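Please describe the pockets and the aromatic ring pairs of the structure shown below, with the cut-offs behind each term.

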Amino acid sequence: MNVPTKIAHTLPPLLLHARFPLSGVPRNGFVRIPEQSRRLGSKMARSLDKCEGKLDVVREATEAHAPEAVEALKSGKVIAVPTDTLYGFACDACSAEAVNRIYEIKGRKHTSPLAICVGDVSDIERFAVTNHLPHGLLDSLLPGPVTVILRRGESSILDKSLNPGLDSIGVRVPDCNFIRVIARGAGSALALTSANLSGQPSSVCIKDFENLWEHCAYVYDGGVLPSGRAGSTIVDLTKLGSYKILRPGSAEEETVAILQGHSLIEEKSEA
């Protein structure tokens, strides 16, 4: 067996003077790779490609990435974004096709309504009736982890295909700069719902819904959200002078204090 001089001194003497072929190695020096091993290698390569493909949609939730998010929304795509409570799926609330896509991704019944998100409190009156509320109430509640239920009214610019048959709409202005910048840039309301399969736990980090990334144009990573999985506090403000807590959420105590501070009376649930 001929061995290059540079490495000869590193080999055991027995191998240097061997006149027999090494076990399992053909005389031509080429080792035959079993078919099973080749298939395993191909499978691993496909898995790596799939993993890289999933990572391609992930972006940091920073203002630098807001323009591409806005473009995706205007193109009727669904994106995943952090809020001040949970991660959510968002799309243009005035695009029936995009709204239907969210229902498909979540496996959610169309009878379950979606909330909307706007960039600023002053935008709410474009989509819902607010003139019956005490002055300054919405500015005290929002931005924050609260969903306010309001009547849509005839002047709402929301598409009728969003939550058909309902004359009310849940509205959010999250205390999260990234999603608010996107909503302003889109010039419309965003349909917003939690980023998870219907009936499954809500998501506080993007890993929680990794199985759904492939359905999103982009997934914006804002890290692990600190509020737990309680979601926003939902309060019905459709009636003059009263309120009703529909879901305690993560800010019930603070919300009730603000409502009562504006002289609203709690509407009791019917027995």
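## Pockets and ring pairs

Strand β6 gives the most to the lining of the largest pocket, with four residues. The model is predicted, so that local features need pLDDT of at least 70 and side-chain atom pairs count only at pLDDT 80 or more, while totals for chains, interfaces and linings use all residues. Residues are numbered from 1 along each chain as its sequence is written, and side-chain values use heavy atoms, with hydrogens and water left out.

The largest pocket holds about 560 Å³ of space. Of the 27 residues that line this pocket, Ala 115, Leu 192, Thr 193, Ile 234 and Arg 247 are the closest to its centre. The elements that give two or more residues to this lining are β3 (87-92), β5 (146-151), β6 (168-172) and β7 (190-194). A pocket here is an open set of points on a 1 Å grid over the protein atoms alone, where a 1.4 Å probe fits, with protein on both sides within 12 Å along at least five of seven lines; lining residues have an atom within 4 Å of a point. Strands (E, at least two residues) and helices (H or I, at least four) are DSSP runs, numbered from the N terminus.

The second largest pocket is lined by residues including Val 121, Glu 125, His 135 and Asp 139.

| Pocket | Volume | Lining residues by class |
|---|---|---|
| Largest pocket | about 560 Å³ | eleven nonpolar, twelve polar, four charged |
| Second largest pocket | about 230 Å³ | six nonpolar, four polar, two charged |

The structure also holds four aromatic pairs. The rings of Tyr 87 and Phe 209 have centres 5.9 Å apart and planes at 45°, so this pair is tilted. Rings of Phe, Tyr and Trp (its six-membered ring) pair if their centres lie within 6.5 Å, and planes under 30 degrees apart count as stacked, over 60 as edge-to-face and the rest as tilted. Tyr 87 belongs to strand β3 and Phe 209 to the loop between β7 and β8 (218-221), 122 residues apart. Both residues are buried, that is, under 20% relative accessible area with a 1.4 Å probe and protein chains only. Ring pairs link Tyr 87, Phe 89 and Phe 209 into a cluster.

Phe 178 and Tyr 220 form another tilted pair, at 5.0 Å centre to centre and 50° between the planes. Because Phe 178 lies in helix α7 (residues 177-186) and Tyr 220 in strand β8, the pair ties together parts that are 42 residues apart in sequence. Phe 178 and Tyr 220 are both buried.

Note on methods:
Grid points are joined across faces, edges and corners, and a volume is the space filled by probe spheres set on the points. Ala, Val, Leu, Ile, Met, Phe, Trp, Tyr, Cys and Pro count as nonpolar, Asp, Glu, Lys and Arg as charged, and the others, Gly among them, as polar. Buried means under 20% relative accessible area, exposed over 50%, partly exposed in between (1.4 Å probe, protein chains only).
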